[in-house]
Amino acid sequence: MLLAVVFGAVIGLALGLLGAGGSILAVPALVYGVGQPLQTAIPTSLAVVALSSLGALFPRERRTSVRWPVALVFGAAGIPAAFGGAALGRLFPQRWLLLAFAALMVVVAVRMLHGGENHTGACRTQQGGINWRTCLPKSVLAGATVGVLTGLFGVGGGFIIVPALSLLLGLGAQQAVATSLVVVLINSVSGLVAHAGAADSLDYRVLLLFAGAALVVSVVAARWSTKLDSSTVRRWFAFVVLAVAVFVAAAALINPSALG
């Protein structure tokens, strides 16, 4: 139970500071730390991510940074994709899903290590607005990709959303993080609905401890996000994700019986 609180705090910290990344640790923590089967860990992770992203949006300065039209386009594209991802996940053995998840974690960590900010995205107009004719197809595709990953692995997808908002739309750091949190919230709720059949197997004590720690820390981290060096936080978190990815892959290969 202590591990659930610790990992919940880490998830809240990452979402509060970066708007991304924390949920990538939730599934490994629930599977290998708490001992849940993957089918239970995924909806539990989605519930935790939804609550912690909501907490990270709590500060007023964070909410006012949200670009709502962008968030709604990304979120709407991800809703049906999350159901497709959930259905796809039922077709594969847990061992192979976790190996794929470990590979995804490596991609996330590398992206975080090389992450940067781009204020001159291809979708920005000279007046600072967004050229939706150019960017709508890209936004829909990115949102659908995030939705599939949400349904398949139980992740919020902020690690894709934040760079997409920066590179495609040219949003600044605070706008990208705040907008990402809204999309993560929408995707997590839709993914949770897609996994509603697993509701009877949830351990609500673990869920409350995990989500409670994530919610509290995400609120605090969001208030301090503008005072910390986000690149340093992102780099150290990427190292943690890489280490966990190695552990997940090794455990899935060496001891698949632990998956339940």
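## Confidence of the model

Within the protein chain, confidence is lowest in helix H8 (residues 158-169), with a mean pLDDT of 73, and highest in H5, at 89. Here pLDDT is the predictor's confidence in each residue, from 0 to 100, and helices (H or I, at least four residues) are DSSP runs numbered from the N terminus. The chain averages a pLDDT of 78, and 85% of the residues score at least 70. Where pLDDT is low, the predicted coordinates should not be read in detail.

This is a predicted model, in which local features need pLDDT of at least 70 and side-chain atom pairs count only at pLDDT 80 or more, while totals for chains, interfaces and linings use all residues. Residues are numbered from 1 along each chain as its sequence is written, and side-chain values use heavy atoms, with hydrogens and water left out.

## The nonpolar core

The largest nonpolar core has 69 residues, and Ile24 and Met105 have the most contacts inside it. Helix H6 gives the most to this core, with nine residues. Such a core is a set of buried Ala, Val, Leu, Ile, Met, Phe, Trp, Tyr and Cys residues joined through side-chain atoms within 4.5 Å; buried means under 20% relative accessible area (1.4 Å probe, protein chains only).

Leaving aside residues up to four places away in sequence, Met105 touches Ile24, Leu25, Pro28, Val241, Val244, Ala245 and Val248. A contact means heavy atoms within 4.5 Å.

## The cavity

On a 1 Å grid over the protein atoms alone, a cavity is a set of points where a 1.4 Å probe fits but cannot get out, and a pocket is an open set with protein on both sides within 12 Å along at least five of seven lines; lining residues have an atom within 4 Å of a point. Grid points are joined across faces, edges and corners, and a volume is the space filled by probe spheres set on the points.

There is one cavity of 30 Å³ or more. The largest cavity holds about 40 Å³ of space. Its lining consists of Val27, Leu38, Ile42, Leu97, Leu98, Phe101, Leu152 and Phe153, which divide into eight nonpolar, no polar and no charged residues. H6 gives the most to this lining, with three residues.

## The second largest pocket

About 210 Å³ of space lies in the second largest pocket. Of its 17 lining residues, Gln39, Ala86, Gly89, Arg90 and His195 lie nearest the centre. Helices H3 (38-56), H5 (68-89), H6 (94-113) and H7 (132-153) each give two or more residues to this lining, and H3 supplies the largest share, three residues.

The lining of this pocket divides into ten nonpolar, six polar and one charged. Ala, Val, Leu, Ile, Met, Phe, Trp, Tyr, Cys and Pro count as nonpolar, Asp, Glu, Lys and Arg as charged, and the others, Gly among them, as polar.

Methods. Buried < 20%, exposed > 50% of the residue type's maximum accessible area, 1.4 Å probe, protein only.
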